[in-house]
Amino acid sequence: MSSTPILEMRGINKSFGAVQVLHSVDFRVYAGEVMALVGDNGAGKSTLVKCVAGIYPMDSGEILFEGAPVHIHGPRDASALGIEIVYQDLALCDNLDIVQNMFLGRENLTSVRTLDEGTMERRARQTLAGLSVRTVKSVRQVVSELSGGQRQTTAIAKAVLWNNRVVLLDEPTAALGVAQTDQVLDLVRRLATNGLGVVLISHNMNDVMKVADRITALYLGKVAAEVKTSEITHAQVVELITAGRTGNIGLKPAEAAQSA
Amino acid sequence: MTEPTPTTPTPAPAPVLANTAAAAAPTEAGFSVDAGATNLKEAFLGYVTRIRGGEVGALPAVAGLVLLLVVFSTTTKIFLTRGNLANLPTQAAPTILIGMGLVFVLLLGEIDLSAGTAAGLASAGMAIAVNFHGNLQTQLKGGMFGAYIVVMVLALIVAARERLWPGVIAIVFGGVVLVTHIGSNQVLAILLAVTTGTSIGILTGFLRARVGIPSFVVTLALFLAWQGVLIQFLGAGNSFPTQRFKTINALENTNISPLWSWVVLIVFVGGYGAFTLYTSIRRRAQQLSAQPVSIVVGRFAILALLGAFSVFFLNKNRNPNKGHVIRGLPWVVLLILIVLVAMTLLLSKTTFGRHLYASGGNAEAARRAGIDVPRMRIAAFGISSSLAAIGGVVLASKQGGVPADAGGGNTLLFAVGAAVVGGTSLFGGRGRVRDAVLGGLVITIIPNGLQLHPNVGASYQYVITGGFLLVAAAVDALSRSRRPT
């Protein structure tokens, strides 16, 4: 494991009006690892993600990409760095097929400026094959015919296709059944195996314990703890989420109480 | 699932994944990605699955067409005569052309109620130009000429700001025709009408997309407004004839010679067959998903048979009276074919078309993919009104002039009906240009056939046409609800 995180956020503060949502949050992701970002509703998970995405400007703090400070002022800056966010609503067009969705807005063109379907189809297949996806029957299936898991797979494959370095997944298994959840978690694991930095935002502790290398727990806008999954139990993570501390891990008792 | 073609990895390099997935790439051999349906049975089963899943395509329109043909040819003697059948394409032409434009707007889930009167207004510009030696200024009194130019300039500004360059070129061209009085040339006058349509459409789109007025309200207001402008242009109850202008008149009233009719058939149907067959074979060779050759050949054979039969039929004299001979393919059929092919290619082979489908399917997803959805809306309205203007020109040709109520009445509603009956969804995202052609034929055959029944009143035409539209809309809505989401 490289010692420099591929993406690091230091001392992020963010307020909406009088409400401070993030209190000097530190967050880092290593290439080849799955970092779970957990926390109760309102803990600031989405806000943090939207700061990385360039949707919200930060009040203070800095973002480092591969150790170098970067400025993210908009979604395009994030994409340019190779940071891709797969939102919960997936943003797929039901009336287009998998290939068309994966290349939407970035289509390959032939020399006469028409759509190069052959190249796109081949690249889509290579990407899916690279992720060992076996759940999709045909890359020419229209999204409206796909199951929830297949849609999630398509959205993740779309994020991988563009040579991204960091992929943030917002509740990828929330709407899925048991078997499909397993498939998507396998896929998440493979993203890390393929060398990407993966951020998994999830409410589901089973998913987190199964697939994450590290866990960052947010408690009311503060980082309660950043721990290795192997060094913590399911119950402890739940305690971190609900109380901000567990045993000697987490916020100081006074701080946790004061935040609440 | 049978999989005769092994999906071995293609030799093409994978630069995107070179650093991330190189290790995993060899697993592709075990990755059961299809190469499309490989035989007839699979293709048929796939088709059945799609229909059951709500992807009905052209099926209802074709079924309706066959049903109507059978009913009318068995219950009347005149329906199947040459004179009558040859009328169908010319009767359907304005509806089809306006409907083809509406497909673009419907694909975005929008509606354009003003397409009919905009078509009438655009054709009025043409009629005035040819009747007054290209000088619209003397005819359009009370600042109307100035308003005409202002509309074009505003549309030009919008088109330039939105970087819709084909629109910019069209409007500049139309503006030049307008101010330099060269519209006495009929072709230029027709182009003036089309570019007038472009201007109207771009302004409509601007009001919808940038100002944010719902398209129903914008186009309802413009539907009324253009009607009034048209009366101002022509004078109430007045009509400008176009009959004596050969090119304009030729569109709906003259035919291509029999020999050239065959050439048109061979170029279009042969070209279609060659293109689809080439695509299928090449894609299969490259191990991409492709339609089975048997399906492609079968579809081509059916089209070729229908086309050959129609041309053969139309090449026979259909004038029941002695005297001059009427035969050949009506010119307007060629016009429709050209627009059909051009617009189909635009929708299926370009990024513009892809982004239009995406914007109609999920505007938020399109926006996140970097597509300027409002710009797509403006472009769609621009194309819609341009095609509507062509429809208006054809309508003028058919009626022998432009009356003060041109494009009013049911013109627009029949055109919307044509697109919907043909299979274009009112909910956006689903539809093709050919839908308007199939639907337009259905919408036209109903009154054509019913008028041959002396004991069936005109009232039934409306009821039956309405019924067809209702069935088509129901199929659309039900097929939508059958989808997973």
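**Figure 1. The second largest pocket of this predicted model has a lining drawn from chains A and B.** Helix H2 (75-81), strand E6 (83-86) and helix H5 (148-161) of chain A each supply at least two residues of the lining, and so does helix H15 (363-368) of chain B. The lining counts 25 residues. Pro75(A), Ser79(A), Arg368(B), Ala369(B) and Gly370(B) lie nearest the centre of the pocket. About 790 Å³ of space lies inside.

**Figure 2. The largest cavity is lined by residues of chain B.** The structure holds two cavities of 30 Å³ or more. The largest cavity has a volume of about 90 Å³. Rolling a probe the size of a water molecule over the atoms shows where such empty space is left. Among the lining residues are Val56(B), Gly57(B), Pro60(B), Arg430(B) and Asp476(B). Helix H17 (411-422) and helix H19 (458-482) of chain B are the elements that give two or more residues to this lining. H19(B) gives the most, with three residues.

Figure 3. Side chains of opposite charge can pair when their charged atoms come close. Here the partners are Glu226(A) and Arg214(A), at 3.6 Å, N to O. Glu226(A) is partly exposed, at 27% relative accessibility. Arg214(A) is buried, at 13%. A search of the whole structure finds 23 salt bridges over all chains.

**Figure 4. Arg210(B) and Asp372(B) link distant parts of chain B.** Their closest N and O atoms are 3.4 Å apart, in a salt bridge. Arg210(B) sits in helix H8 (residues 186-211), while Asp372(B) sits in the loop between H15 and helix H16 (373-399). The two are 162 residues apart in the chain. Both count as partly exposed: Arg210(B) has a relative accessible area of 36%, and Asp372(B) has 29%.

**Figure 5. Arg434(B) and Asp435(B) form a salt bridge.** The closest N and O atoms are 3.7 Å apart. Arg434(B) is partly exposed, at 29% relative accessibility. Asp435(B) is buried, at 3%.

**Figure 6. A network of salt bridges includes residues of both chain A and chain B.** From chain A come Asp97(A), Glu117(A), Glu121(A), Arg125(A) and Arg140(A). From chain B come Arg283(B) and Arg354(B).

Figure 7. Most residues other than glycine have a negative phi. Ser132(A) is found in the loop between helix H4 (117-130) and H5, and is buried, with a relative accessible area of 17%. Leu220(A) is partly exposed, at 39%.

**Figure 8. Helix H4 of chain B is mostly covered.** Of its 17 residues, 17 are buried. At 1.5 Å a residue, the helix (residues 115-131) should span 24 Å. Its end C-alpha atoms are 24 Å apart, which agrees. His133(B) follows H4(B) and has a positive phi, near 50°.

**Figure 9. Four residues of chain B make a nonpolar surface patch.** Val150(B), Val153(B), Leu154(B) and Ile157(B) form this patch of about 330 Å². Val153(B) is found in helix H6 (residues 144-161). At 41% relative accessibility, Val153(B) counts as partly exposed.

How values were computed: Residues are numbered from 1 along each chain as its sequence is written. Chains are lettered from A and ligands numbered from 1 in the order in which they are written. This is a predicted model: local features need pLDDT of at least 70, side-chain atom pairs count only at pLDDT 80 or more; totals for chains, interfaces and linings use all residues. Side-chain values use heavy atoms; hydrogens and water are left out. Helices (H or I, at least four residues) and strands (E, at least two) are DSSP runs, numbered from the N terminus. The expected span of a helix is 1.5 Å times one less than its number of residues. Buried means under 20% relative accessible area, exposed over 50%, partly exposed in between (1.4 Å probe, protein chains only). Patches are made of residues with over 30% relative accessible area and no salt bridge: like charges are joined within 9 Å, nonpolar side chains (Val, Leu, Ile, Met, Phe, Trp, Tyr) within 5 Å. Accessible areas come from the Shrake-Rupley method with a 1.4 Å probe; for residues, only the protein chains shown count as cover. A salt bridge is a side-chain nitrogen of Lys or Arg within 4 Å of a carboxyl oxygen of Asp or Glu. On a 1 Å grid over the protein atoms alone, a cavity is a set of points where a 1.4 Å probe fits but cannot get out, and a pocket is an open set with protein on both sides within 12 Å along at least five of seven lines; lining residues have an atom within 4 Å of a point. Grid points are joined across faces, edges and corners, and a volume is the space filled by probe spheres set on the points.
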